[in-house]
Amino acid sequence: MLDFVQQLVSGIALGCVYGLIALGFVLVYKATEVVNFAQGDLMMLGGFFAFTFIGLLGLNYWVGFAGAVICMALFGMLAERLVVRPILGYPQFSIIMATIGLGYFLRSVAGMIWGTDDFKIETPFSQGVLRIGSLVLAYDKLSVIAATIILCALLYLFFNRTTLGTAMRASSENMLAAYYMGIPVKRVVSIVWAISAAVATCAGVLLAPITFIHSNVGLVLGLKAFPAAVLGGFGSIPGAVVGGVLIGVIESMAGFYLPQGWKDVAPYIVLLAVLLLKPEGLFGLHVRKKV
Amino acid sequence: MRFLFKTDYEDDIRLFPHSGYVYSYGLLLAVLLIAPYVLSSYLMSQLVFVCIYATVGVGLMILTGFTGQASLGHAAFLAIGAYTAAYLQQFNVPFPVYFLAAGLLTGVVGALVGFPALRLQGIYLVIATISFAFIVEEIMARWESVTNGNEGMRVKAMQLLGTTVSRDGPTFYYLCLAVLVLTIVGTLNLLRSPTGRAFVAIRDSETAARSMGINVALYKVKSFAISAGITGFAGVLFAHKLSFISPEMFTLQLSIEFIIVILIGGTFSLHGAVLGAIFLVMIDPFLTYLKDDMPGVIAGAAATLGAGTERAGHIQDAVAAFASANGLKGAIYGVIIVVFVLFEPLGLYGRWLKIKLFFQLFPLYKRATFKRQKIYVKSERNR
C-alpha cells in the first residue's frame with residue numbers, strides 16, 4: 001500500500017512537470033490556435049538562461065529566476081514576430097512545421113553555445129525531504145506541484161476575469177471579428193507568446209534539480225507534455241494540468257507494476273484510447289460541425 | 001505559350017498532356033539510366049537514397065498532400081516494411097515474395113491506423129500518428145524474438161533471379177529507380193481515377209465531399225492504407241540499402257524528415273516529393289563540402305580583400321571551428337524549414353512553376369498569381 005501511495009505521489013509530481021509544460025502549449029493554442037511544437041525547447045532555453053545567471057554569473061536564485069523569465073518573455077515575443085506572425089491565418093499545418101523548425105534551430109544552437117553536457121542549478125529546494133509518517137517527499141518535487149497549482153490558478157483567473165484574457169479568447173475564436181471589435185490582435189498574440197515563454201521558463205527552472213538541463217531535454221519532455229495537453233482537451237487550462245497528472249501517474253504506475261518497456265509506451269496507449277472514445281479530449285469543448 | 005485544346009474528357013485526364021512531356025521525361029529517364037556509369041560511387045549511393053526517400057515522399061503525398069491528413073508517423077510504416085523484410089529473409093523467402101508481403105502488411109497496418117484516425121483532425125491527428133510511431137518503435141525494441149530488440153537485425157544481400165544484388169551496385173539502383181517510377185506512375189493513375197478525385201475532394205472540403213456522396217470514412221482509410229503500403233515497399237529497399245536495421249533508426253526525427261521532403265518539394269504535386277527528396281538527401285554532401293572547402297575559400301577571399309596572412313589563418317580556423325560545430329546540421333535544418341514555410345510555401349516545385357510562368361508570360365507575369373489567401377476568419381477548431 002505504501003508503495004502505491006509513494007508511486008502515486010511521485011507520479012503526481014512528475015505529472016505536474018508535464019502539466020506545467022502543457023500549460024504553455026494550451027496558452028498559445030487558446031489564444032491563437034497555433035500549436036507550438038517548440039514549447040519544450042523554449043523551456044530548455046529558459047533553463048539555460050537561468051543556469052547562466054545563477055550558475056555562471058553567481059546571482060541570487062530568485063534574481064536569476066526573474067532575469068531568466070524576463071529574457072525568455074522577450075525572446076518569446078521575438079520568436080513570434082519572426083516566425084509566427086508572417087504566417088498567421090495560414091493552415092495550421094504550416095505553422096506546426098514552422099515551430100518544429102524553430103525547435104530544431106533552438107536545440108542545435110543551445111547545444112553549440114552551452115555544449116551537450118548535463119547541467120544542474122543549485123536551488124533552495126534542491127535538498128531536504130518532507131516526511132509524513134513513512135512517506136518521503138522531496139522538496140524539489142513539492143515545489144513543482146506548488147508552482148503548477150499557483151500558475152494554473154493565476155492563468156485561469158487571467159483568462160476568465162481580465163479584459164486582456166477575454167481579448168485573447170476572442171482573437172482565438174475569430175481574429176478578424178476580434179480586430180473589428182477593436183482588439184489589437186497582433187499585440188495580443190505577441191503578449192501570449194511572451195507569457196507562454198515565461199511559463200516555459202518557470203517549468204525549466206523548477207525542473208532543473210530533477211531532470212537536469214541539457215539541449216535535448218525540451219524534446220524529451222515536450223513530447224510527454226504534448227499528450228498531456230491533448231488528453232486534457234487542447235484548449236483547457238485545468239485540462240492541461242489534469243492531463244499532465246494523469247500521464248505522470250500512468251507512467252509511474254506502469255514503470256512500477258508492469259514489465260520493463262511499458263513505462264514509456266503506456267501514456268501513448270492511454271492517449272490513443274482516449275482519442276478514440278472522446279476525440280476532443282477530456283475537458284475539450286464538443287463543437288458541432290458547421291457548414 | 002502552348003494552348004491545349006481539349007475536346008473530351010479523355011484529353012483532360014491524359015497522363016502526358018502533350019508530346020513535350022514524353023520527350024522531357026524520356027530524356028530524364030535516359031539520364032537516370034546512364035547515371036551509374038558516370039557518377040562516383042558516393043553520389044550513386046546518395047541517388048539510391050533519393051529514390052527511397054522520394055518513394056516515401058510519394059506515399060506521404062497521397063495522404064498529406066492529396067487527402068489532407070497530416071501524419072508524423074511514417075517512420076513507423078517504414079520500420080514495419082523494413083522489419084518484415086529482415087524477418088522473412090531469415091526463412092529464405094525469395095525477394096519478390098517478402099517485398100510484396102512487406103507492402104501488404106504495412107498497408108493493412110495503415111488501414112488499422114486509419115480507422116481511429118477517422119474521427120481525428122488537425123493537431124489531434126498529428127499527435128495520434130506520433131503516438132502510433134512511438135508505440136511501434138517500442139514494440140520493435142521489445143519484441144526480441146522477432147526483431148532482435150535493440151541489437152538490431154542484419155539484412156543479407158538481396159537474392160534476385162538467382163544472383164546476389166550488391167547494395168552498392170548499379171542493379172540495386174535500377175531496382176530502386178524502377179520502384180520509384182512504378183510508384184509514381186501508379187499514383188498518377190490513382191489520382192486521375194474516381195478514388196484520387198475523392199481524395200482531393202476530401203482535402204478541399206470534407207463536408208462538400210460528403211454531400212456529393214463520397215464515403216469519407218472509406219476513402220480516408222484507403223488513403224492511409226495506400227500511403228502506408230508504398231512506405232512499406234520503400235522500407236524493404238531501405239533495409240537492404242543500410243544492410244542493418246535497429247529501432248533507433250525509425251524515430252520521430254525520420255518522420256519529420258519525410259514531412260520536410262514533401263514540404264520543401266511542394267505539398268501539392270508529385271514533383272514535389274521527388275524534388276524534396278533530392279534536396280534533403282543532397283544536403284549532406286553539400287554540408288560536407290562546406291565543412292571541407294569553405295574555410296579555405298573564405299580565408300582566401302579575406303586575403304585578397306587585404307587581410308594579412310596571419311589574420312586570414314585566424315579566419316580560416318574560426319570558420320572551420322564553426323563549420324564542424326556539433327549541432328550545425330540541426331540548426332541548418334531548422335532554418336531551412338522555417339524559411340520554406342515563411343517564404344516559399346509552395347516549395348521547390350512551386351518555385352519552378354513560378355519561373356516557368358514568368359518566361360511563358362514575359363513581360364506580363366505578376367506576383368499575385370501565386371499569392372496565398374489568408375484566412376483569419378475560420379477557426380479550425382469549429383471545422
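A residue is counted as buried if 20 or more other C-beta atoms, placed from the backbone, lie within 10 Å of its own. By this criterion, 53% of the 291 residues of chain A are buried. The structure is a predicted model, in which local features need pLDDT of at least 70 and side-chain atom pairs count only at pLDDT 80 or more, whereas totals for chains, interfaces and linings use all residues. Residues are numbered from 1 along each chain as its sequence is written, with chains lettered from A and ligands numbered from 1 in the order in which they are written.

Chain A comprises 11 helices and 2 strands, assigned as DSSP runs (H or I, at least four residues, for helices; E, at least two, for strands) and numbered from the N terminus. Their order from the N terminus is α-α-α-α-β-β-α-α-α-α-α-α-α. The radius of gyration of chain A, 19 Å, is close to the 19 Å given by the globule rule for 291 residues, so the chain is as compact as a globular protein of that length. The radius is taken over C-alpha atoms, and the rule is 2.2 Å times the number of residues to the power 0.38. Along the principal axes, the C-alpha atoms of chain A fill a box of roughly 60 × 50 × 35 Å.

Contacts between the chains were also examined. With contact defined as C-beta atoms, placed from the backbone, within 7 Å, 42 residues of chain B touch 45 residues of chain A. Two or more residues each on this side of chain B come from helices H6 (122–142), H12 (252–265) and H15 (328–343) of chain B. H6(B) gives the most, with 11 residues.

Conventions:
Contact = placed C-beta atoms within 7 Å. Buried ≥ 20, exposed ≤ 12 C-beta atoms within 10 Å, placed from the backbone.
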